[in-house]
Amino acid sequence: MIVRAVHISKYFSIEGGVFKRETGLVRALEDVSFSVEEFSTLGIVGESGSGKTTLAKILVQLMAPTKGVVEFDGSKISNFRKDMQIVFQNPYASLDPKMRIKDTLYEPLLIHRLAMPKQLRDKARELLDAVGINEDALGRFPAEFSGGQRQRICIARALATQPKCIILDEPISSLDLTIQLKLLDLLLRLKERFKLTYLFISHNLNVIKYMADSVLVLQGGRIVEQGDMRAIFAHPSHPYTESLLRSARR
Amino acid sequence: MNKLLLVGIAIIGFLSAAAILAPFISPYEPSLIDSASLLMPPSYAHPLGTDGLGRDLLSRIIYGARISLGIGIIAVGISLCIGVIAGSVAGYFGGLADSIIMRSADIMLCFPTFFLILATVAVLEPSIINIMVIIGLTSWMGIARLIRSEILSLREREFIQAAKAIGASHYGIICRHLLPNALGPVFVNATLGIAGAILLESALSFLGLGVQPPVPSWGNILIESKATLGVAWWITLFPGLAIFVTILGFNFIAEGLRKHWGYNA
Amino acid sequence: MLKISNLHVHFDLDGTIVKALCGVTLGVNLKETLVVAGESGSGKTVTALAVTRLLPAAARVTSGEIYFNGKNLLLLEEDALRKVRGKEIAYIFQEPGSFLNPVYMVGDQIMESFLLHQGLPRVEAFAETLRLLELVKIKDSRRVFFNYPHQLSGGMNQRVGIAMSLACRPKLLIADEPTTALDVTTETQILDLLCELKSSFGFSLLFITHNLSIARRIADRICVMYKGQVVEEADAERIFCSPQHFHTKELIHAYQTIGTQ
Amino acid sequence: MLTYIARRLAGSIPIILGITMISFAIIHLVPGKPTSAESALNPKVSLQVRERIEKLYGLDKPIHVQYLEWTRRLLKLDFGRSFSDGRPVIEKITERLPVTVGINVLSMFFIFIVAIPLGVKSARSSGSWFDTSATFFVFLFFAAPTFWVALLLMQLFCITLGWLPISGITSLDFEYFTFSQKVIDIVRHLALPVFVSCITGLAAVSRYMRTSMREALQQPYIYTARAKGLPERTVLYKHAFRNAILPIITILGLSIPGLIGGSVIFESIFALPGIGRLFYEAVMMRDYPLIMAEVVLGALLTMAGNLIADIGYAYVDPRIRYAKKVS
C-alpha cells in the first residue's frame, strides 16, 4: 500500500437567491475508501459527473475532503508534494503560456532542489528525452506545440520531481485516437523505467483495460465495484459496470 | 515590434529627453519677462513666439513637459501600485477581501472623477504633489478591476493547479505565473492611464486649479491664452499641440503593445 | 452529384502560409452517405467548408475545381452561389449551442430560410416550421419555437440545426462532426434521426468525423484524410477488413484497442 | 430576470452608503485642515468662513451624530445654503440641471448616431481605405484634449469667421426673437459645445463598436447564417449587429461620469449656465455646501445611470432575460 483513501466524502454548496444563501448541497463524493498498491496501476472509471476529478484533486492535496482522510505510507512517500504528481486532461490549459518549456521544467527541479543551477539544462534535456520530445523544444513556448506534444511535456514535468506515484486525470481523452495509443504506450514504458505507481482515471473502459491492473468503478460519487481488472471485466457483479462494459464492447 | 509601438516610443522618448534636458536645451529662462517682445509671433528669436508677458513660449513648453510627464507617470505609478495590490488580493484570495475591495472600487467609480478631483483640490492646496496623489488615488479602480478579472480567470486554469501540485508556494505562484500573465493588459491600461492623467492635469491647470503659475505647465499656458484668443493664435496652438502629441504617443504605445501581445483589453 | 478534384487551399496567417489542403479529390453520388474520416488537422473541415466557399477570410483556394450537378461552384459569382447555399447544399455544424444565434428565437431562425428561399408568407412559413420541428422529433414544437438556444439542451439544439438545414429540401447535406459534442445516448438518437430523414428526404450526405465507429455504422463509402490529402477511398466494409494506407491501418488498430462505441 | 434586478438593487444600497460616507469624509477635510486664516495658498478660507462651516455642519457634536444628521438632511435634499448668495443649494442646482443634461443627452445622441454606423462600416470593410482612415481619425479624436479643441474652434468659427456666437446659451436680445429665431439662436449657441463634448465619446464608441462587430462576425452562428444563403447585408445587420450592439449599452452607463465631469470644462469655456460651470464657480469660491451637493448628486446620477444600463442590458439580452433552462 503506497496511498490510501479512508471514507473520503466531498460536498459542494450551491448558492442561490438574491443574497447568495446556501440553498443546496452537491454530494460529489460519498464515503470512498480504497488503497493503491505500489508499482501497480489502479484504474478509476466512471462517466462524467461521477466525481473522478474531485477524487484526483483530493488525493494530490489540491482540494481538502469534507470528510475522511488521505493516508500515505511514510517509508515510501515522505513529502507528498514531491512524491505524488498529477497530469491533467486539457494539454492546452496545463502549461503556462508565458513560460518557455525550459522554465516550466526548471521550476519543480528548483523547488525541490533536485539539481544545481548548472545541471538544470541537462536534467531538463533528459526529461524531454524520456518522453520523446527533442531538445530544441526547451527554448520554445507551449503555443508552438500540438496537443499530444504538450501532454508529453506535462508528463516530463510530473517526472521532474522523481515521484513515486502519478495521478493521470483523463490524460488522453482530448486527443486523437492514434496519438492516444502512442501516449498510453509511453506511459507504460515510463512506469517500468522509473518504477512508478499510476492512478489512471478515464471514462473509457477500453483504455482502462489496456492500462490498469485493478479497477474501481465510480457512479454518482460512490464506489459500486472494486477489484482485479480481469476478474471484473470477465464477470462484473454490479449492473452499472455491466452496462458500461456492454457499451464499450459494441 | 510593430511600427505603431515604435512611433509611440519615439514620440515619448523625444519628449522625455526634452523634459529631462530642459535647462540645457531651452533657449530662455521660462519665467524671464522680456517687456520688449510682448505677444511676438513665432520668429527666429522665439521659434514659438512669446506670451502676454513676453516670456518665450518654447522654453515654457519644454519646462511644462516636465510637469505634465512627471505628474502623468507618477500619478499612474501610484494608481498602478494600489490597483495591482488591491486587484491581486481581491482576485487571488477572494471572499471578504474581494467584496470589500471591489465594493469600494464600485463606489469610487461612481463619482465623476473630475468632480471628485476638483472637490479634493478645492479642499487641499493645489500643489503638484497634491495633484499627483489625488489623480493617483482616484484612478486605481480600473487597474484593480482588470487585475482581479485576469487573476480570477487564471486561477482556475490548470497550469496554476499544476504549479501548486509541484509544490510552488503562494508567493511563487503569484510572481512566476499569475502576474506575468496578468500584467500584459495592465501595461496597456497603464499607458492609457498616463495619457488620461496628463489630460486631467492640463484640464485642472486650465481651470486654474492645477499647477499654479508662475510654474509653467501646458494647462496653465493654455488658460492664459484664453485672454489673448483672437490676437495670439500661437499661444493657444502650441501648448495644446504638445499635449495632443504626448497623448497620441502614449495611445500608440498602448495600441502597439496590445497588438504585440495580442490582447483586446 | 458532387465532384471535388485536386483542391488546394492555403491559409495566410499574417505572413506564414499554411497548406491546409494539398490536392483533395473526392466525390459524393446521388443518395449516398460518404464519410470523410480523419484526425484533427487532416483538413476534413476545410474541405467541407470549401464546397460552398464558406472558408474564413484568411483561406484562399489556390487551385482545383468543385462540380455540383455540373456547375463549378468555385467560379459561380456571389448571388448564384447564395442561391445554391441553403437551397441545394445545407450544413450542420459541430457545436449545437454556438451555431444558433443566441439573440433570436429558434423558430425565427428556421423561418428565415423559408421566407428567403421560398418567399412564403409568414403564416405559412410558421406552420411549415412547426411541421419541420415535429419531423425532427421535437415533441412540444409550438413551445420550442419561441425558445432561445440557451434554453435548450445540446441534443435539442442540434435537432433545430437539422430542421433548419432541411427547410428547403437540399440535395446534399454536409454534416461536420454533428454529434461529437453530445453524450453517447443523444448521439445515437441524432444519428438514427439523420439516417431516417436521409431516406425520407432522399438527400445525399457528406459526413465528417474522427470517430470510426460512427463511420462504420452509417457510411456507404469512407474516405480517409491525412495531412490535407485523401489517402484512401473505398466501400465501408473494404476499408475495415483490408486497409491499404499505413495511416488507415493505424486508425483502425487504435479504434479496435481503445476506441469506444 | 427579476432576481437579477433584485440583486442589482440590493447591491446598490451599500454603494449609496459608500458615496455618502466618502462625501462626508471630504467635507471633514475642510474645517479640520489646519488652513489657518493667514495660509498663503488658500487666502479665501477666512476665519468668518470657518465659523459658518462649523455652524452649518454642527461640528461640535460627535462624528457619527454629524454623519447621521447630514444623511438625514441629504434624504430631504436639503444641502444647506450656498455661501455665495445664501440661496438653498438644491434650488441653484435644479435651475441649471436642464442645460447640462440637455447638452449631454444631445451629445450622447450624436455619438450613437455617428459612431455606431462608423464602427459597423469600418468593421465590415476591415483593411480597406475607409477602415484605416476611420481608425486614424479615431486616434486623433481620442488624443485631442477637449478644451484645446474648443479654444481652436472658438478662434476659427467665432472670431475669424464669426459664424457662431462665442459664449452663452442665448444672445442678448433673445426675448424679442420669434419662435423660429429663438430656436436657431439656441442651435447656433449650442453647436460648438455639443460638438466638442462628443468628440472623445465619438472616438471611444466607434472603436468599441468596431471591435465588438469584428468579434461578432467571427462567431460560429455567422457561418450558419451564410450557409443558409442569406445575403451579406442580412448576415451583417441582422445577425452580427444585434449581438454587437449589446455591450454598447453598458458603455452608456459607464460614460455618464465622464460626460458630467467633462461638462465642467466646456461649460466654463463656452460660459453655458450648467451644473458643470456652477461647480467650477463653487470650487473657485470654496462654496463647500454647493460642492458637496454636486459631488453627491453626481455620484447618485452615475449610479442610477449604471443601474439603468445594467437592467437595459439584461432586458435586451435574452440569455439573461430568460435565464431558466426549459428542457
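These questions and answers concern a predicted model, its contact between chain B and chain A, and its cavities.

Visitor: Why is the pair Glu107(A) and Arg176(B) called a salt bridge?

Guide: The closest N and O atoms of Glu107(A) and Arg176(B) are 2.8 Å apart. The cut-off for a side-chain nitrogen of Arg and a carboxyl oxygen of Glu is 4 Å, so the pair counts as a salt bridge. The count between chain B and chain A is one salt bridge, beside eight residue pairs in polar contact.

Visitor: Which elements supply the side of chain B that touches chain A?

Guide: Helix H8 (158-165) and helix H9 (170-206) of chain B each give two or more residues. H8(B) gives the most, with six residues.

Visitor: How do you know how much area chain B and chain A bury between them?

Guide: The accessible area that the two chains lose on being put together is summed over both, and it comes to about 1600 Å². On the side of chain B, Glu158(B), Ala165(B) and Ile166(B) lose the most area, together 40% of what that side buries.

Visitor: What makes the largest space in the model a cavity?

Guide: A 1.4 Å probe fits there but cannot get out, so the space counts as a cavity. About 180 Å³ lies in the largest cavity, and 20 residues line it, including Tyr91(C) and Thr224(D). H6(C) gives the most to this lining, with five residues.

Terms used. Residues numbered from 1 in each chain as written. Chains lettered and ligands numbered in written order. Predicted model: local features only at pLDDT ≥ 70, side-chain atom pairs only at ≥ 80, totals over all residues. Heavy atoms only, no water. Contact = heavy atoms within 4.5 Å. Buried area = accessible area lost by both parts, 1.4 Å probe. Polar contact = N/O pair within 3.5 Å; in protein donor to acceptor, adjacent residues only side chain to side chain. Helix = DSSP H or I, 4+ residues; strand = E, 2+ residues; numbered from the N terminus. 1 Å grid on protein atoms, 1.4 Å probe; cavity = no way out; pocket = protein on both sides within 12 Å on 5 of 7 lines; lining within 4 Å. Points joined across faces, edges and corners; volume = space filled by probe spheres on them.
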